[in-house]
Amino acid sequence: MALLELKEITKAYIEKGKYFSVIDEIDLVVKEGELVVIVGPSGSGKSTVVRIAAGLVSPTKGQVFYKGQPLPGPNPNASIVFQNFALIPWLTVQENIELVLEARGIPPRQRIRTALKYIDLVGLDSFEDAYPRELSGGMKQRVGFARALAVEPEILFMDEPFSSLDVLTAADLREEFLKLWTSGKLSIRSVVMVTHNIEEAILMSDRIVVLSARPSKVVGEIEVSLPRPRDTHSKEFESILDHLYALIVSSHISK
Amino acid sequence: MDDESGPYPRAGVSEVIGFLEILDDESGKIDVYKLGKNIDHQLEQLLSVLETARIFGFVEYEAGDVFFTPKGKHFIQSSQEERKKIIATTLPEIPVFRELLSFLTHNEEHAVSTEYLDQLITRDLTAEEIQKIKNAVLHWGRFAELIWVDSDEQEIHLEEKEEEET
């Protein structure tokens, strides 16, 4: 069943009197239980697609459906992990998480319990009282994950969640997220992630949706059914890599 | 007729030459995904470099493979001086350079503000994209010794080797 559906989504805006079309009639279906990765070059409107899908930005044309119903505004069953963590610097790790719980109307005692549970889950126990400035990039993004997961969403959006991290930290966090996702410990039913990192897309996804450069259209989709954890050196992995690159480069070159 | 001044080079000199060197090491033909691996899957860089090398007529792309054109092969086997000459004859074939060079030649001062380039780049691009193209245009123009740039005044000047301005 489709949890989320984007139908003929177009987004355009006007900058300095010029009309920019960012997204051009994008269709996207996210089924329950699926981890969908959207890839495309920078400026391909990937982040905009995610914001529209989460109901944070309204499309110029087209419609978003959640569980078959039109989405009128921000989706209360969704949360987002951002590339730049978006933590509030004057709040501690725990307070950063409690804040989003408070915003969702959760009472104080339960807020503390839930915040601690998710801090624990992402491996930040004993850093509850730390401020963001005391944390490394990887730890900050762990807080980002804890905060997004703590509201126990049905659908999780991730906008380049590992792009601000060094290669090793990114690999570590990626693996941990996949473990959590496949463990069934999370409330999440589907994940939509955006990345420009092609290897990451194949490592993580059940299905890859490829966007062209702006104004972006869907130029193709690739199912990835390799068992996890995936080996980037395997023949099957290389063959998907080959296919994915060819899709992206062909769509770019023919423009 | 197409009134756009594209396609635009977006990649700089070192990036493109580095890419051509990799291609040369691979005997002139490479799977595009292997190229991607070679540069740590920097998709943005890969696309801009491929596009630029293609605009210059150095490579072709077909069905997942990138390969040299005879011109590209010749370029990478040339000395630095010869490479500059090849670029100097290639740039005037590219619309955005042709217009810039034509303006500089016909203008009495043989100079123009770098902002002039914004007018030449007509497609609906973001400020960031335009800046990238401007940087590439100036970079290649200087490499070919067709122009020089006064960074303080933000002015582009025609390079005049023979005659000194009086």
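I started with one contact: the side chains of R214(A) and E129(B) meet in a salt bridge, 2.8 Å from N to O. I note at once that this is a predicted model, and I read each value with that in mind. How many salt bridges does the rule find across the interface of chain A and chain B? I got two.

**Entry: the interface of chain A and chain B**

Next I looked up the extent of the contact. It takes 23 residues from chain A and 22 residues from chain B. Between them the two chains bury about 2100 Å², and 58% of that is on carbon and sulfur atoms. I then asked which residues in chain A lose the most area to chain B. They are Y245(A), V249(A) and I253(A), which together make up 27% of what that side buries.

I also looked for polar contacts across this interface, and the rule finds seven residue pairs, both partners at pLDDT 80 or more. Which elements of chain A give two or more residues to the side that touches chain B? I wrote down strands β1 (2–15) and β2 (18–31), along with helices α6 (198–204) and α7 (235–253). Helix α7(A) gives the most, with 10 residues. Sorted by class, that side of chain A has 11 nonpolar, six polar and six charged residues.

**Entry: aromatic rings**

I checked where the two sit. F145(A) is in helix α4 (residues 137–150) of chain A, while F162(A) is in the loop between β7 (155–159) and α5 (167–183). The pair links distant parts of the chain, 17 residues apart.

In chain B I picked out F58(B) and F75(B). Why does this pair count as stacked? The ring centres are 4.5 Å apart and the planes stand at 20°, so the pair is stacked; the cut-off for that label is under 30 degrees. F58(B) lies in the loop between α3 (43–55) and β2 (59–62) of chain B and F75(B) in helix α4 (residues 70–76), so the pair ties together parts that are 17 residues apart in sequence. Both F58(B) and F75(B) are buried. I also found F58(B) and F75(B) in one aromatic cluster with F56(B), W140(B) and F143(B).

A cis peptide bond joins R214(A) to P215(A), with omega about -10°. P215(A) is found in the loop between β9 (207–211) and β10 (218–223). Another cis bond runs from R228(A) to P229(A), with omega near -5°, and P229(A) is in the loop between β10 and α7.

E25(A) has phi of about 50° and is placed in strand β2 of chain A. E160(A) has phi near 45° and belongs to the loop between β7 and α5.

How do E25(A) and E160(A) count by accessibility? E25(A) is partly exposed at 43%, whereas E160(A) is buried at 7%.

Terms used: Residues are numbered from 1 along each chain as its sequence is written. Chains are lettered from A and ligands numbered from 1 in the order in which they are written. This is a predicted model: local features need pLDDT of at least 70, side-chain atom pairs count only at pLDDT 80 or more; totals for chains, interfaces and linings use all residues. Side-chain values use heavy atoms; hydrogens and water are left out. Contact means heavy atoms within 4.5 Å. Buried area is the accessible area (1.4 Å probe) that two parts lose on being put together, summed over both. A salt bridge is a side-chain nitrogen of Lys or Arg within 4 Å of a carboxyl oxygen of Asp or Glu. A polar contact is a pair of N or O atoms within 3.5 Å; within protein, one must be able to donate a hydrogen and the other to accept it, and residues adjacent in sequence count only if both atoms are side-chain atoms. Helices (H or I, at least four residues) and strands (E, at least two) are DSSP runs, numbered from the N terminus. Ala, Val, Leu, Ile, Met, Phe, Trp, Tyr, Cys and Pro count as nonpolar, Asp, Glu, Lys and Arg as charged, and the others, Gly among them, as polar. Rings of Phe, Tyr and Trp (its six-membered ring) pair if their centres lie within 6.5 Å; planes under 30 degrees apart count as stacked, over 60 as edge-to-face and the rest as tilted. Buried means under 20% relative accessible area, exposed over 50%, partly exposed in between (1.4 Å probe, protein chains only).
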